[in-house]
Amino acid sequence: MANDVVEHVSKLDAFLANLRDWLAPEAVVYLEIPNGAHPPFVGKDGHHELFGLTLLDFERGAAYLRALNPGGVYDTYNYFDLEGYRRAFEAAGLSLTLLPETFEHVSLASLEGQVEQLRAGAGEGLATVPETLRPLVRERLQEYLGRVDAAPRTTDGE
């Protein structure tokens, strides 16, 4: 069992290959991986509590943190989406299964409310982003919100 570890692994492919090699046949491992696209995490990531940080790749995320905290260490390498993690697991010969209770307490109304809170706080949040990265974070936020707006909502799964 490993909670909130995978996103800190710099070489995910090697980590997953080692994990595969350590596991007995038919073994199961439980990994809890934070969802960087969860609206509250976009507004304030779970590690550094910085607006929009989960929308950036590692290099730009590290620059963001160092701009605010010159001695700070940024070690969050991966905020993949579900399909990104699924591809990484499959490339290592592993399968990825979401547990049924993953979305047990999630409703469309609550998610839409969280997205609206993110939109409402975007100006204030962007003001906290270092000026050199603010245009990029603004652009990534607009792209993110565009994907959210375009997402189908006709079934419970969607």
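Visitor: Why is Arg-60 called partly exposed?
Guide: Buried means under 20% relative accessible area, exposed over 50%, and partly exposed in between (1.4 Å probe, protein chains only). Arg-60 comes out at 36%, so partly exposed it is. This is a predicted model, where local features need pLDDT of at least 70 and side-chain atom pairs count only at pLDDT 80 or more, while totals for chains, interfaces and linings use all residues. Residues are numbered from 1 along each chain as its sequence is written, and side-chain values use heavy atoms, leaving out hydrogens and water.

Visitor: What makes Arg-60 and Asp-57 a salt bridge?
Guide: The term asks for a side-chain nitrogen of Lys or Arg within 4 Å of a carboxyl oxygen of Asp or Glu. Here the closest N and O atoms are 3.0 Å apart, and the pair counts. Asp-57 is partly exposed too, because its relative accessible area is 31%.

Visitor: Which label does Phe-103 get, buried or exposed?
Guide: Its relative accessibility is 53%, so Phe-103 counts as exposed.

Visitor: What makes Glu-112 and Arg-153 a salt bridge?
Guide: Their closest N and O atoms are 3.3 Å apart, which passes the rule. Glu-112 lies in helix α5 and Arg-153 in the segment after α6 (134-150), so the pair ties together parts that are 41 residues apart in sequence. Helices (H or I, at least four residues) and strands (E, at least two) are DSSP runs, numbered from the N terminus.

Visitor: How many salt bridges does that rule give?
Guide: The count comes to 6.
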